[in-house]
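Student: I would like a close look at a single part of this model, with the cut-offs stated as you go. Please build the picture step by step.

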Amino acid sequence: MLDFSSLLLAAALSGTCLSITLLAIWFTAPRARFVLTVACGMLVLVAHVVSFWQYTRDPSPLLCQLVLALLSLGFLILCRSAMQYLDVHEHRRVALPALVAMAVCAAMTYLGLDGIGFIVTYATVTALLAVIGAMFWIKGGGHDRRILLVVAFLSGVCGVSFALCGAVLLAKAQWVLGRAPDNWAEGLNSVISVACMTGLGALTLSLHHLQEQIELRAETMTDPLTGLMNRRALTSLYGERVFGPFMAIAMFDLDHFKSTNDVFGHPVGDQVLCRFAAVVKKYGRTGVDAFRLGGEEFALVMSRMTPEKAHDLASRIGVAFGTEIVPTHRGPLRSSVSGGMGFGAADGRTLDEVLAEADAALYAAKRAGRNRVIAQRKADQPDAGPALRSA
């Protein structure tokens with residue numbers, strides 16, 4: 001059976017190894033700031049464990065203040081790392097109460113009421129762990145739910161162990177201790193803390209790997225110039241979908257774009273592409289996904305929309321783009337765009353079928369004089385409506 005000192009040594013050793021591992025990972029992936037924050041939090045907790053071990057051997061008021069401050073600070077930093085990972089920005093709502101509690105704890109310990117200091121610190125740590133668990137439970141819908149549930153569970157278990165430590169001191173009315181608390185709850189907390197901190201450290205590695213996968217997938221699915229999704233994303237999202245009567249695709253091609261690049265230069269051409277992407281984003285809504293297929297070609301997939309409304313939306317995008325002005329060294333530049341519509345059907349159509357129809361309509365718009373959106377009329381589809389007027 002391990003004694004209390006051995007448990008503290010195991011906790012310090014485990015925390016140190018985890019911190020070194022996380023720091024090494026952060027050096028190879030500096031963008032993963034939450035990994036660095038976890039490593040810093042772990043190091044602060046290691047300092048707490050070492051100080052607490054010294055306090056059990058040679059208690060003093062000053063060392064007691066240090067022990068309690070490091071414990072609260074360590075978990076506050078871990079809470080900050082959870083916010084970084086989950087992209088939660090309400091840092092002050094957590095940090096300010098924790099810092100106030102740390103100040104109260106320091107004041108109580110200074111006045112000789114170290115038992116109250118321990119109770120306040122245990123309550124603070126319990127609250128911080130509860131916040132961590134709640135955030136991973138609530139905010140993690142877009143991540144791997146299984147990993148987040150385990151993090152929430154371990155945070156909850158660790159929080160309960162600290163709450164028990166405070167409850168025992170409170171139940172016994174131990175306002176003044178003069179030494180480190182020594183009861184069954186402290187022993188249980190030491191075992192649970194070592195297990196939970198080791199588990200949370202390992203899960204941090206898993207979360208880092210998961211975040212890298214998410215970022216890599218986003219990079220491979222996004223056009224770096226315009227920020228729109230790319231052709232790979234279109235195939236991934238809609239390659240297996242059946243296009244029903246309330247789904248449509250609008251394909252766009254910027255008019256005379258090669259001439260724009262030749263006359264004004266490729267940087268201006270890039271600005272024109274970004275302006276069109278900005279117009280598309282402006283008209284974005286639920287059920288509308290925009291893609292850059294390559295070069296000057298774009299696609300808009302519209303769901304839960306009648307053919308008339310889909311064509312109207314595509315037409316409004318074309319008109320809005322015609323009003324955009326790009327300043328150049330040769331004067332202001334206006335561009336136009338041609339579009340073609342492809343529609344789903346009651347019996348269902350594939351992505352390739354709808355794209356082929358939209359592509360054919362796009363070329364019809366080019367042949368008709370450009371600067372318009374055309375829908376090829378079919379027996380089962382309504383009139384496409386008037387073409388766009390020239391800008």
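Student: In what order do the six strands of the open sheet lie, and what is the sense of their pairing?

Tutor: Some conventions come before the answer. The model is predicted, and local features are described only where pLDDT is at least 70, side-chain atom pairs count only at pLDDT 80 or more, and totals for chains, interfaces and linings use all residues. Residues are numbered from 1 along each chain as its sequence is written, and side-chain values use heavy atoms, leaving out hydrogens and water.

The six strands of the open sheet follow the order 1-3-4-2-7-8, and their pairing is mixed; strands (E, at least two residues) and helices (H or I, at least four) are DSSP runs numbered from the N terminus, and two strands pair if DSSP finds at least two bridges between them. At the edges lie strand 1 (229-230) and strand 8 (373-375), each of which pairs on one side only.

Helix 8 (residues 231-238) touches strand 1, strand 2, strand 3 (288-294) and strand 4, and its direction makes about 135 degrees with that of strand 3; contact here means heavy atoms within 4.5 Å. Helix 10 packs on the sheet too, touching strand 2, strand 3, strand 4 and strand 7 (337-343), with its direction at about 155 degrees to that of strand 2. Axes are lines fitted to C-alpha atoms, for helices over the stretch in contact, and angles run from 0 to 180 degrees between N-to-C directions.

Helix 10 (residues 266-282) also packs against helix 9 (residues 257-264), at an angle of about 140 degrees and with the axes 7 Å apart. The two helices are therefore oblique to each other, given that angles under 35 degrees count as roughly parallel, over 145 as roughly antiparallel, 65 to 115 as roughly perpendicular and the rest as oblique. From helix 9, Phe257, Thr260, Asn261 and Phe264 meet His266, Val268, Gly269, Val272 and Leu273 of helix 10. The residues of this contact divide into five nonpolar, four polar and no charged, where Ala, Val, Leu, Ile, Met, Phe, Trp, Tyr, Cys and Pro count as nonpolar, Asp, Glu, Lys and Arg as charged, and the others, Gly among them, as polar. Thr260, which lies in helix 9, is buried, with a relative accessible area of 8%. Leaving aside residues up to four places away in sequence, Thr260 touches Gly265, Gly269, Val272 and Leu333.

Most residues other than glycine have a negative phi, and most peptide bonds are trans. Arg304, although not a glycine, has a positive phi of about 55 degrees, and its place is in the loop between strand 4 and helix 11 (307-322). Asn371, likewise not a glycine, has a positive phi of about 55 degrees and lies in the loop between helix 12 (351-367) and strand 8.

Technical notes: Buried means under 20% relative accessible area, exposed over 50%, partly exposed in between (1.4 Å probe, protein chains only).
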